[in-house]
Amino acid sequence: MGPLIAAGNKKPLDLEDVPQLDSSDSVVGAVQNFINRLASADSEGSGVTVLKLVKALLFSAWKDILWTALLAFMYTVASYVGPYLIDTFVQYLNGQREFKNEGYLLVMAFFVAKLVECLSQRHWYFKLQQIGIRLRAVLVAMIYNKGLTLSCHSKQSHTSGEIINFMTVDAERVGEFCWYIHDLWIVALQVALALVILYKNLGLASIAAFVATVLVMLANIPLGKMQEKCQDKLMESKDKRMKATSEILRNMRILKLQGWEMKFLSKIIGLRNIEEGWLKRFVYTNGITSFVFYVAPSVVSVATFGASILLGVRLESGKILSALATFRILQEPIYSLPDTISMIAQTKVSLDRIASFLRLDDLQPDVIEKLPKGSSDTAIEIVDGNFSWDFTSATATLKDINLKVFHGMRVAVCGTVGSGKSSLLSCILGELPKISGTLKLCGTKAYVAQSPWIQSGKIEENILFGKEMDRERYDRVLEACTLKKDLEILSFGDQTIIGERGINLSGGQKQRIQIARALYQDADIYLFDDPFSAVDAHTGSHLFKEVLLGILSSKTVIYVTHQVEFLPAADLILVMKDGRITQAGKYNDILNSGTDFMELVGAHKKALSALDTVDAGSVSEKNISEGDPTTGCANGNVQKEDNQGNESGKVDDVRPKGQLVQEEEREKGKVGFSVYWKYITIAYGGAIVPLILLAQIVFQIFQIGSNYWMAWASPVSADVKPPVGSFTLIIVYLALAIASAFSVLARAMLLRTAGYKTATLLFKKMHLCIFRAPMSFFDSTPSGRILNRASTDQSAVDLNIPYQVGSFAFSVIQLLGIIAVMSQVAWQIFIIFIPVIATCIWYQQYYISSARELARLVGVCKAPVIQHFAETILGATTIRSFDQESRFQETSMKLTDGYSRPKFHAAAAMEWLCFRMDMLSSITFAFSLFFLISIPEGVIDPAIAGLAVTYGLNLNMLQAWVVWNICNMENKIISVERLLQYSSVPSEPALVIETNRPDHSWPSHGEVNIHDLQVRYAPHMPLVLRGMTCTFPGGLKTGIVGRTGSGKTTLIQTLFRIVEPAAGQIVIDGVNISTIGLHDLRLRLSIIPQDPTMFEGTIRSNLDPLEEYTDEQIWEALDKCQLGDGVRKKEGRLDSSVTENGENWSMGQRQLVCLGRVLLKKSKILVLDEATASVDTATDNLIQTTLREHFSDCTVLTIAHRITSVLDSDMVLLLSHGLVEEYDSPARLLENKSSSFAQLVAEYTVRSNSSMEKFD
């Protein structure tokens, strides 16, 4: 350890400085071993029970456990040598010498016993922590592996927040429990040894001591039970709160856009209040328990001395001191027993939770029969398949599916919203539980999900997804997915780090990265779930051509699509309705046969008829010019000039462009005094603190006083007359004991009140700050970091920190007391103390710099484990479909080891320090004993000298305790520091500016003026909108089009002030939006966002979270958006439940709910962020008609990816690279054949007409 600590003393440690773990501590080997153990324990296959889990855990570490047991035994025996010899020592000082050098032998015996005690204790603790780290890592790995194989049904019973809690809280607790493994039998041993010593000194009175001890221990059982109950409830309410918090953080953008964040904050504060109710009960119960324990030694000693007087045993000071020293050691086990018991209870709860999680159903392994590659000519075959997400419901999700797909076929799946298209893909992936039928697959599969799942990390890593880099293929894939251009825009190319859930990419870019990932895998069967809806029309058709008809032309491809123009290219089209395949066949066959399909295509034709203004002749010209190299060049030049203009404008900004997601800040160096000061003064301005200290000082005085009284008032040996009668002796002792008990009670209660109050205030402060933070904070801060603050650090503030700070103060006061007693005997002893304490402080300072950085590294290394886990749960389907489970398990193990590494070394550093401290105090103790021996007889009162020795026995414990408390406090206070850090996040502008509130009817006209608008996402990022100017007239529909990344979404975000403009302004109806409050602005505008979001709760709470509307109004809105009947069918009607993220509603239905929100709000300005992406053409037309009908006199801004949805708007704005390229009515733009808009439309018609001509 030496070198590491020396290094840490010179500079703040980094992870590279921490040595690697020994192979036996690494999780990689341990897990396999553990899984085998667990399997052998669970031979009859009835599932994991707590017992089997414990068995497997113990077996995987039994050697170390035995070794620590031996050490613990040695320690216990050695610790009793001191008290045993005190009586002899007092007699010796009194002049009874048995033989010549008895004194020196006594001193040697004391010293050797101390040494053995030190060494065994240090090794014992260190080994235990090592076991703890190992077991924790194994459990985390098990939970992770389980998270990968969970079936969807089981996943619904545990939200991601809860599963993450298993990992952070429960596994952690099992690791900590290892400290307590041996405590139960050690307590028995300690009590037995104590009784032997008491019996030697006091005879039968020792039985009284035994009875008193047992009674005190029994007093704890009901307290322990209460504590366990509170603990359970506390965990439960915490799970609920974390679940809500993580959902809210995921959807922060929507909440901000709708102006709902404060409502949701109050929801979380409400959940926290329930949690605080349990917290309060828990800490006060805890306070009473601690009171019982401080009083225990006094109760036992009063009982014992009382009994010995009644039995007529002569009390001599030597015997009394020996007894007192014994009681003090007894205090340890009595103290730790309730801790141990509550720890056992908590661990049992945790193991229960983990075991029940490991017992959940996995995916059915037998859903799919995998055939070896090349063994059959069919790629996929389903015979009479019935599948259901939920076995309890009467109707299956997919009914009577019969399907045969040959290698190299292209299959399109279409159908209305909620008809089971995505479910069909899930069933081919083996995600959907099978009721009956067979399903055969031949070959490897790749899957592209409907809502993109992207890992945080480099773009390149996302595309390679675990495969080796093959430049040529990689470039081909990028080319096909048109990612080349996007990567040029990003400042680091494909090395750009993507934020959590791909936050700094647009929807289309995420989707294309997903497609690239699938292509790079080079699988046999490709499953696409509506991949072209999130990208604009031009990119969509390009992708279809390049990907499906190009790279994948020889593969089996199944794609779900809403866009009719992609259907004719398919070899087989499946039309789905209500979970059945109603029609199957080629495009033309189906067209002539059935109705469902006609509806879809008919709707599409209607949309296209608007395009008839463009005649077919110009279209074919367009086609030729598209392949013409000259236009390509022209475009290239424009690009270049554009860039040059941009560069010259940015000469002054020489700073490198930064990545969006910055490394997690970790404060370096000492925790400032200001943090402690803030912490102490948060509750009641710190008024309670002096009271707590006073109570402790009074307690200390009474404690020492009572022992002093016993030593002074009892005779040294049988032939000396005692100074007071035995009755007086006991009464005074009793009075002192009672007084000290009350001061402890006062101290415990005050400390808990202060701690509880502080925790609640810190929580409110941090959450208010986070909820008011600007969107940029959430974009650049992974939610894992915020969740970590809200769970781990908040628990530390709730349950640990107050007691840590308290015990530091108490231990210092106690240490001073002991020094006072020892120096009173002979002031010379004081001379030894000064250098020893100086050395101790020097060691502590030397050590703390390393320890603190190690503790911080532990905190920083923990977040990636959690985040990786959270990501895995979200993307489990994708990971499974690529058969990449084992790679993710390895990454998880690496991260777990990365977390164990600093943790292990932090433990080692702690022991390194304690060992040196123990040595120092042992030497001090030995020295003071020599000093007492060498004083001539009669100079000091032997009884008082004995008292000094009694206290001296505790010296090393206390010195170590003080230092340990300092270090622990420093490590724990980091949690406060981290909470405070997020309590000072700069907040958004005011929600309501009282002096400047827009009048009630604003915006009445709905005219939007944009003047020279410049926007960038962060100070160090390039401009996205580079000075655009235009006016959206009131009451008109404006379509906004442009290639991916041209700044469409940014414009909308600026309109809602999610991003503040760097320059320029937006004026709505004469009000500059930057001058009014955010809520005034956001509550007056409406938006249907790109990804439809629903929150856990009910339909009502999703449509109207602010509770402003009546049921009638809500029903009216539901009927307008065609959801009324669907909701009436459900038994809960408006109160029917919505699960996390609205998982139990289909994408299209969620989109309609978002439409419903807008219909309720009836704003004058409505923004549609291509809300039509995940909806089929029929539903799309429905949405369009609804909007036309109900928003005819409103300003509607549509960001469109399908050209058809812009054609009936009044104006079209075409953006390109953050500037306005064209702005006019669609008709006029179409007349001018060379306009970019006309080109886009022509492209689209060509694509659709090719499919329509067959139809005509």
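This is a predicted model: local features need pLDDT of at least 70, side-chain atom pairs count only at pLDDT 80 or more; totals for chains, interfaces and linings use all residues.

**A charged pair and its setting**

Modeller: Glutamate 1060 counts as partly exposed, at 32% relative accessibility. Glutamate 1060 has a partner: it forms a salt bridge with arginine 1057. Their closest N and O atoms are 3.1 Å apart. A salt bridge needs a nitrogen of Lys or Arg within 4 Å of a carboxyl oxygen of Asp or Glu, so the pair qualifies. Now turn to the partner. Is arginine 1057 buried or exposed? Arginine 1057 is buried, because its relative accessible area is 3%.

Lysine 484 is partly exposed, at 29% relative accessible area. Aspartate 475 is partly exposed too, at 30%.

Arginine 136 and glutamate 172 form another bridge, at 3.8 Å from N to O. Here both residues are buried. This pair also links distant parts of the chain, as its residues lie 36 apart. Arginine 136 is in helix H6, residues 102–149, while glutamate 172 is in helix H8, residues 160–177.

Bridges can also join up. Which residues are linked in a network of salt bridges? They are Arg241, Arg272, Glu275, Glu276 and Asp798.

Next, step back to the whole chain. It has 43 helices and 24 strands. Of its 1256 residues, 59% are buried. The chain exposes about 49200 Å², and carbon and sulfur atoms supply 60% of that area. Now consider contacts between residues at least 6 apart in sequence: 83% of them join residues at least 24 apart.

Serine 740 lies in helix H26, residues 726–771. Serine 740 counts as buried, because its relative accessibility is 3%. Leave aside its neighbours within four places in sequence, and serine 740 is in contact with Ser298, Phe699, Phe702 and Gln703. Serine 1209 sits in a loop, between helix H41 (1204–1207) and strand S23 (1211–1216). With a relative accessible area of 9%, serine 1209 is buried. Serine 1209 touches Lys1037, Thr1038, Gly1039 and Pro1226, not counting residues up to four places away in sequence. Leucine 1197 is 12 residues from serine 1209 in sequence, and their C-alpha atoms are 9.2 Å apart in space.

The backbone has points to check as well. Aspartate 384 has a phi near 45 degrees, a positive value in a residue other than glycine. Aspartate 384 belongs to strand S2, residues 378–387, and is partly exposed at 47%. Phenylalanine 465 has a positive phi too, about 50 degrees, although it is not a glycine. Phenylalanine 465 lies in the loop between helix H15 (459–464) and helix H16 (471–480). Its relative accessible area is 0%, so phenylalanine 465 is buried.

How do two helices meet? Take H31, residues 885–934, and H32, residues 942–953: their axes come within 11 Å and cross at roughly 170 degrees. That makes H31 roughly antiparallel to H32, because angles over 145 degrees count that way. Phe925, Leu929 and Leu932 of H31 make the contact with Ala945, Val949, Gly952 and Leu953 of H32.

Finish at the surface. A nonpolar patch there has about 950 Å² of accessible area together. Its members include Tyr199, Leu204, Phe210 and Leu311. Which helix gives the largest share of the patch? Helix H10, residues 205–250, gives 7 residues. Isoleucine 221 is another patch member, and its place is in helix H10. Isoleucine 221 is partly exposed, at 42%.

Note on methods:
Residues are numbered from 1 along each chain as its sequence is written. Side-chain values use heavy atoms; hydrogens and water are left out. Patches are made of residues with over 30% relative accessible area and no salt bridge: like charges are joined within 9 Å, nonpolar side chains (Val, Leu, Ile, Met, Phe, Trp, Tyr) within 5 Å. Accessible areas come from the Shrake-Rupley method with a 1.4 Å probe; for residues, only the protein chains shown count as cover. A salt bridge is a side-chain nitrogen of Lys or Arg within 4 Å of a carboxyl oxygen of Asp or Glu. Helices (H or I, at least four residues) and strands (E, at least two) are DSSP runs, numbered from the N terminus. Buried means under 20% relative accessible area, exposed over 50%, partly exposed in between (1.4 Å probe, protein chains only). Axes are lines fitted to C-alpha atoms, for helices over the stretch in contact, and angles run from 0 to 180 degrees between N-to-C directions. Angles under 35 degrees count as roughly parallel, over 145 as roughly antiparallel, 65 to 115 as roughly perpendicular and the rest as oblique. Contact means heavy atoms within 4.5 Å.
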